[in-house]
Amino acid sequence: MGLSLLQSVKVGAYVMKHRIKGTKRYPLVLMLEPLFRCNLECAGCGKIQFPEEDLKKRLTVDECIQAAEECGAPVVSIPGGEPLMHPEMPQIVSELIKRKKFIYLCTNAILLEKRLHEFTPSPYLTFSIHLDGLEGTHDRSVCREGVFKIAVSAIKAAKAKGFRVTTNTTVFEGVDPSEFHQFFDYLTNDLKTDGIMVSPGYPYQKAPDQEHFLQRERTKELFRQILRPSENEVSTERQKSWQFNHSSFFMEFLIGDKDYQCTPWGNPTRNVFGWQKPCYLMSDGYAKSFKELMETVEWDQYGTGRDPRCADCMVHCGYEPTAVLDSTANFGNMWKSFMDTLGLSKPGPSKAGQRPPMKMLPILNQGSQAKTAAHKAAEEREAVGAGRN
């Protein structure tokens with residue numbers, strides 16, 4: 001079960017509406033963080049480093065719904081912390097579904113089986129399970145043994161009850177690219193998940209482990225090895241079976257075939273402090289409303305080559321929106337994106353000398369240098385808008 005036709009049509013209509021209206025900036029995905037508390041202490045995470053009084057805070061159901069309505073994005077990603085530690089999460093999800101929002105509930109799955117009965121399968125609901133690789137790699141990443149097995153059991157239970165399940169993977173320095181080929185096979189063939197999301201790790205300033213975050217050129221090198229393995233390593237048919245919850249344009253950005261600037265307003269974040277400036281991964285203060293966020297942030301001050309904190313960032317929550325803009329900038333790009341989705345792109349090497357792209361699912365999810373020509377063209381058409389950990 002791939003990306004639903006319903007979501008493709010509704011999100012596509014939303015984008016076209018804003019293009020026709022000439023909207024300069026608009027969100028595609030609301031990053032809704034109802035709490036920071038988590039039942040894991042991952043070394044690469046900066047969220048749980050907040051003071052105890054902040055970890056006790058959580059958004060109410062009404063605050064979550066107000067944020068979704070105020071923002072207006074068709075997709076709501078619910079990360080954390082651990083969302084399933086929020087006692088009212090089922091009600092939050094139910095209310096968002098009533099409003100026809102496509103929800104990606106991001107969870108480490110430790111509590112998923114226990115709380116699964118509180119949710120109802122819906123084409124608007126996807127459980128996005130955090131898995132950073134096969135068992136040894138994932139358990140090291142989350143700093144606790146046994147979590148991988150718990151997550152796998154939860155995925156199987158959720159699939160058995162008819163829920164849509166995808167995975168999200170953060171890639172850090174020191175991983176073995178060939179392990180990810182086995183990992184993708186396992187997700188596709190054994191667990192039969194509905195999509196895979198990958199993103200390079202972003203260096204949270206508060207994270208205990210700062211040694212395994214990727215620099216920009218290393219990100220491209222590593223993702224070329226992971227996403228475009230040579231024919232001797234992985235067969236073309238095997239690669240095509242891997243379905244990624246990203247636009248193919250974003251995947252080309254990750255391996256260095258495309259050069260994009262960040263679109264930080266694409267995935268605005270609402271958390272217990274307010275609307276986070278400028279994005280999910282950085283905090284330069286908070287706005288009291290979505291309108292204030294959009295109108296007061298100096299957006300052009302952020303991005304690679306503008307803010308030194310952005311120098312190595314290639315995370316999906318900033319660059320997937322830019323890729324979505326590029327993929328819908330003209331008919332040629334839309335056709336290419338469509339053919340990539342069907343796995344029908346003409347064979348040929350990438351700029352990196354590797355194999356052609358695998359099949360991609362153009363999900364608008366669920367974190368460079370000067371702006372690309374495509375991005376500038378989109379701005380000239382006054383259609384700059386926005387679209388993921």
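How many helices and strands are there in the protein chain? The points below answer this and then take up individual elements and residues.

1. Overall composition. The structure under review is a predicted model. The protein chain contains 15 helices and 9 strands. Of its 389 residues, 59% are buried. The chain exposes about 15800 Å², and carbon and sulfur atoms supply 52% of that area.

2. Helix 3 against helix 4. Two packed helices are described by the angle between their axes and the distance between the axes. For helix 3 (residues 61-71) and helix 4 (residues 89-98), the packing angle is about 30° and the axes lie 9 Å apart. Angles under 35 degrees count as roughly parallel, and helix 3 and helix 4 are therefore roughly parallel to each other. Helix 3 passes helix 4 in a right-handed crossing. On the side of helix 3 the contact is made by V61, C64, I65 and A68, and on the side of helix 4 by Q91, I92, E95 and L96. Sorted by class, the contact of helix 3 with helix 4 has 6 nonpolar residues, 1 polar residue and 1 charged residue.

3. Surroundings of helix 4. Helix 4 is mostly covered, with 7 of its 10 residues buried. These buried residues are M89, P90, I92, V93, E95, L96 and I97. Of these, I92, E95 and L96 also take part in the contact with helix 3. The elements that cover the buried residues of helix 4 include helix 3 and helix 5 (112-115), together with strand 1 (29-32), strand 2 (75-78), strand 3 (102-107) and strand 4 (125-130). Just after helix 4, K100 takes a positive phi of about 60°.

4. Helix 8 against helix 9. At what angle do the axes of helix 8 and helix 9 cross? The axes of helix 8 (residues 177-190) and helix 9 (residues 216-227) cross at roughly 40° and come within 8 Å. Helix 8 and helix 9 are therefore oblique to each other. Their crossing is right-handed. Helix 8 contributes P177, F180, H181 and F184, which meet L222, Q225, I226 and L227 of helix 9. By class, the residues of this contact divide into 6 nonpolar and 2 polar, with no charged residue.

5. D185 in helix 8. The place of D185 is in helix 8. Is D185 buried or exposed? D185 has a relative accessible area of 14% and is buried, the cut-off for this class being under 20%. Not counting residues up to four places away in sequence, D185 touches D190, R238 and W242.

6. N39 in a loop. N39 is placed in the loop between strand 1 and helix 2 (52-55). With a relative accessible area of 17%, N39 is buried. Leaving aside neighbours within four places in sequence, N39 is in contact with E82, M85, N108, I110, L111 and R144.

7. Helix 13 and G318. How many residues of helix 13 are buried? In helix 13 (residues 316-327), 12 of the 12 residues are buried, so this helix is largely enclosed by the rest of the structure. The buried residues of helix 13 include H316, E320, D326 and S327, as well as G318. G318 lies in helix 13 and counts as buried at 7% relative accessibility. Along the chain, G318 and N267 are 51 residues apart, and their C-alpha atoms are separated by 7.0 Å.

8. N333 in helix 14. N333 is found in helix 14 (residues 331-342). At 18% relative accessibility, N333 counts as buried. Which residues does N333 touch, not counting those up to four places away in sequence? N333 touches F249, D326 and S327. Both D326 and S327 are among the buried residues of helix 13. N333 and F249 are 84 residues apart in sequence, and the distance between them in space is 9.2 Å, C-alpha to C-alpha.

Key. Residues are numbered from 1 along each chain as its sequence is written. This is a predicted model: local features need pLDDT of at least 70, side-chain atom pairs count only at pLDDT 80 or more; totals for chains, interfaces and linings use all residues. Side-chain values use heavy atoms; hydrogens and water are left out. Axes are lines fitted to C-alpha atoms, for helices over the stretch in contact, and angles run from 0 to 180 degrees between N-to-C directions. Helices (H or I, at least four residues) and strands (E, at least two) are DSSP runs, numbered from the N terminus. Angles under 35 degrees count as roughly parallel, over 145 as roughly antiparallel, 65 to 115 as roughly perpendicular and the rest as oblique. A crossing is left-handed if the near helix is turned anticlockwise from the far one by less than a right angle, and right-handed if clockwise. Contact means heavy atoms within 4.5 Å. Ala, Val, Leu, Ile, Met, Phe, Trp, Tyr, Cys and Pro count as nonpolar, Asp, Glu, Lys and Arg as charged, and the others, Gly among them, as polar. Buried means under 20% relative accessible area, exposed over 50%, partly exposed in between (1.4 Å probe, protein chains only). Accessible areas come from the Shrake-Rupley method with a 1.4 Å probe; for residues, only the protein chains shown count as cover.
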